[in-house]
Amino acid sequence: MASTACFLHHHMHALSCSRTSSPLINIKPNSHHQHQLLQVVKATAQKQPINQQLPAADIAVSRRLALTVLIGAAAVASKVSPADAAYGEAANVFGKPKTDTDFLPYNGDGFKLSIPSKWNPSKEVEYPGQVHRYEDNFDSTSNVSVTITPTDKKSITDYGPPDQFLSQVNYLLGKQVYFGKTDSEGGFDSDVVATANILESSTPVVGGKQYYFFSLLTRTADGDEGGKHQLITATVNDGKLYICKAQAGDKRWFKGAKKFVESTASSFSVA
């Protein structure tokens, strides 16, 4: 009887031990690949023979190994999309680099500048030494021109201060051709039908070269644009006086032309 009880006790203890399965790692998969890999790990653990249990140390190693495999699978499954940006960079949600299609680079004889893409070359010659002229497709008042004339000056400063230089190239602003008697009206003085106001002037240095820059508003008594905004940039290089003048009518200036005229004028430089 005692031997029978001992046998039953030993048999029940063995059954209790055999029903204890290896614990699984409870990791919630966050991708399809991780889910498949976890199923493989579970199936492998379930195929272990009931009577071959792993020691506790081996179980801990198996846990770490399974976790390492899952982390590696997550890294492989995750792909860096084109919208991801490195630190300090802006994300490009469309995955393609943006290009500025509003302007086109232009390299002339000893100078370079950017031309609005919707402006076309013009054959009209307005000033002596003009080598370049582009104008707006829809309004010829918006245009840019470059003139190159010989000079004995070594620097633009040899012409004197900015206002003195401007007086020597006032043909760029348009001269008054009517000299009859007129009344003082519309903001003009008596007997004056054209005027020019300097809105801004500066003397920037670009690439070690001194420049003169002017922003002017010119008006004529018969003008229908309310005046013209004219941006003039001038410098001297290798015995030549370079002048770039970009302009637009006052009405169009405030309807979007300002951006194109200012960007064109500021892009001008000598080689």
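Which residue stands opposite Gln130 in S5? Thr147 takes that place. The structure is a predicted model, in which local features need pLDDT of at least 70, side-chain atom pairs count only at pLDDT 80 or more, and totals for chains, interfaces and linings use all residues. Residues are numbered from 1 along each chain as its sequence is written, and side-chain values use heavy atoms, with hydrogens and water left out.

Confidence is given as pLDDT, the predictor's confidence in each residue, from 0 to 100. The mean pLDDT of the protein is 73, and 54% of its residues reach 70 or more. Confidence is lowest in helix H1 (residues 2–18), at a mean of 44. It is highest in S5, at 98. Over residues 176–180 the pLDDT is below 50, and this stretch has six contacts in the model beyond near neighbours in sequence. A contact means heavy atoms within 4.5 Å. The pLDDT is also below 50 over residues 182–193, a stretch with 25 such contacts. Where pLDDT is low, the predicted coordinates should not be read in detail.

Helices (H or I, at least four residues) and strands (E, at least two) are DSSP runs, numbered from the N terminus. Two strands pair if DSSP finds at least two bridges between them. Strand S4 (residues 130–136) pairs with S5 in the antiparallel sense, over five bridges. A hairpin of six residues joins S4 to S5. S5 also pairs with strand S11 (residues 240–249), again antiparallel, over eight bridges. Here Val146 stands opposite Cys244 in S11. Six of the eight residues of S5 (residues 143–150) are buried, so the strand is largely enclosed by the rest of the structure. Buried means under 20% relative accessible area, exposed over 50%, and partly exposed in between (1.4 Å probe, protein chains only).

An open sheet of three strands has the order S1-S2-S12, with antiparallel pairing. S1 (103–107) and S12 (269–270) stand at the edges with a single partner strand each, so one side of each is left without a neighbour in the sheet. S1 and S2 (residues 111–116) pair over five bridges. Tyr106 stands opposite Leu113 in S2.

Helix H5 (residues 250–267) lies across S1, S2 and S12, running at about 170° to S2. Axes are lines fitted to C-alpha atoms, for helices over the stretch in contact, and angles run from 0 to 180 degrees between N-to-C directions. Val261 lies in H5. Val261 is buried, with a relative accessible area of 0%. Beyond its neighbours within four places in sequence, Val261 is in contact with residues including Trp119, Leu231 and Trp253. Its C-alpha atom is separated by 6.1 Å from that of Gln247, 14 residues apart along the chain.

Rings of Phe, Tyr and Trp (its six-membered ring) pair if their centres lie within 6.5 Å; planes under 30 degrees apart count as stacked, over 60 as edge-to-face and the rest as tilted. The count comes to nine aromatic pairs. The rings of Tyr106 and Tyr134 have centres 5.9 Å apart and planes at 70°, so the pair is edge-to-face. Tyr106 lies in S1 and Tyr134 in S4, so the pair ties together parts that are 28 residues apart in sequence. Tyr106 is partly exposed, at 24%, whereas Tyr134 is buried, at 17%. Ring pairs link Tyr106, Phe111, Tyr134 and Phe268 into a cluster.
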